[in-house]
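Biologist: Hi! Could you walk me through this one and tell me how its helices pack?
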Amino acid sequence: MRHGLLRHEGGGFVVHVASSGALSAESPHVFLRLLPVLAWLLLAAVAFVTLAPIGFRPVSGFSPNLERFATFGLLGFVFALAYPRRVWLILAIVIASAVAFEALQLMAHGRHGRLLDLGVKIAGGVIGVGAGRLVRLAMGRPAR
């Protein structure tokens, strides 16, 4: 029977795995270590979809404002999980990205940047960062 426990040690998270109580091995949780890569890849994907011709924009069937909010919420969430001690820097990256993407859309053929879109993106990003902080804080608490 295998069981594991995720807990915070030093500067990162460690998964403790024990097999029948006889052996105990420690290894860094791979997913948490890959979060920074995922965060930057997600930012690059958002940049591409935001600035590419409208035909490259995926269609989900939801309202564009919900898509904007959810996209930047996910972006803020992943960055907050990836860099838990850099909340102000993450907020700056998410907000600056929203501002830059909206401004660059003014120069992209067939695209438009609007203040309403910017507000929705910033709101989603800030809420995503807050949710990511809460999840990361909950993960860091010792198990009882």
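This is a predicted model: local features need pLDDT of at least 70, side-chain atom pairs count only at pLDDT 80 or more; totals for chains, interfaces and linings use all residues.

Biologist: Which residues in α3 and α4 meet?
Modeller: From α3 you have V87, I90, L91, V94, I95, A98, V99 and E102. On the α4 side they meet D117, L118, K121, I122, G125, V126, V129 and R133. By class, this contact has 11 nonpolar residues, one polar and four charged.

Biologist: And α2 with α3, how do they pack?
Modeller: Their axes are 9 Å apart, at an angle of about 150 degrees. That makes α2 roughly antiparallel to α3. The crossing of α2 past α3 is right-handed.

Biologist: Who meets whom between α2 and α3?
Modeller: F72, G76, F79 and A80 in α2 meet I90, I93, V94, S97, A98 and F101 in α3. Sorted by class, the contact of α2 with α3 has eight nonpolar and two polar residues, and no charged ones.

Biologist: What about α1 and α3, are they roughly parallel or antiparallel?
Modeller: Their axes cross at roughly 20 degrees and come within 10 Å. That makes α1 roughly parallel to α3. The crossing of α1 and α3 is right-handed.

Biologist: Which residues are in that contact of α1 and α3?
Modeller: W40, L43, V46, A47, T50 and L51 come from α1, and they meet I93, S97, F101, L104 and Q105 in α3. Eight of the residues in the contact of α1 with α3 are nonpolar and three are polar, with no charged ones.

Biologist: Switching topic: how many aromatic pairs does the structure hold?
Modeller: Four. One of them is W40 with F79, which is edge-to-face: 4.9 Å centre to centre, with 85 degrees between the planes.

Biologist: Where in the chain do W40 and F79 sit?
Modeller: In distant parts of it: W40 is in α1 (residues 30-51) and F79 is in α2, 39 residues apart.

Biologist: Now the confidence. What does the protein average in pLDDT?
Modeller: The average is 81, and 78% of the residues score at least 70. Confidence is highest in α2 (residues 64-82), at a mean of 96, and lowest in strand β3 (residues 23-28), at a mean of 40.

Biologist: Which stretches have a pLDDT below 50?
Modeller: Residues 1-6 are one of them, and beyond near neighbours in sequence that stretch has 20 contacts in the model. Residues 13-28 also stay under 50, and there the model has 42 contacts beyond four places in sequence.

Biologist: Great, thanks!

Technical notes:
Residues are numbered from 1 along each chain as its sequence is written. Side-chain values use heavy atoms; hydrogens and water are left out. Contact means heavy atoms within 4.5 Å. Helices (H or I, at least four residues) and strands (E, at least two) are DSSP runs, numbered from the N terminus. Ala, Val, Leu, Ile, Met, Phe, Trp, Tyr, Cys and Pro count as nonpolar, Asp, Glu, Lys and Arg as charged, and the others, Gly among them, as polar. pLDDT is the predictor's confidence in each residue, from 0 to 100. Rings of Phe, Tyr and Trp (its six-membered ring) pair if their centres lie within 6.5 Å; planes under 30 degrees apart count as stacked, over 60 as edge-to-face and the rest as tilted. Axes are lines fitted to C-alpha atoms, for helices over the stretch in contact, and angles run from 0 to 180 degrees between N-to-C directions. Angles under 35 degrees count as roughly parallel, over 145 as roughly antiparallel, 65 to 115 as roughly perpendicular and the rest as oblique. A crossing is left-handed if the near helix is turned anticlockwise from the far one by less than a right angle, and right-handed if clockwise.
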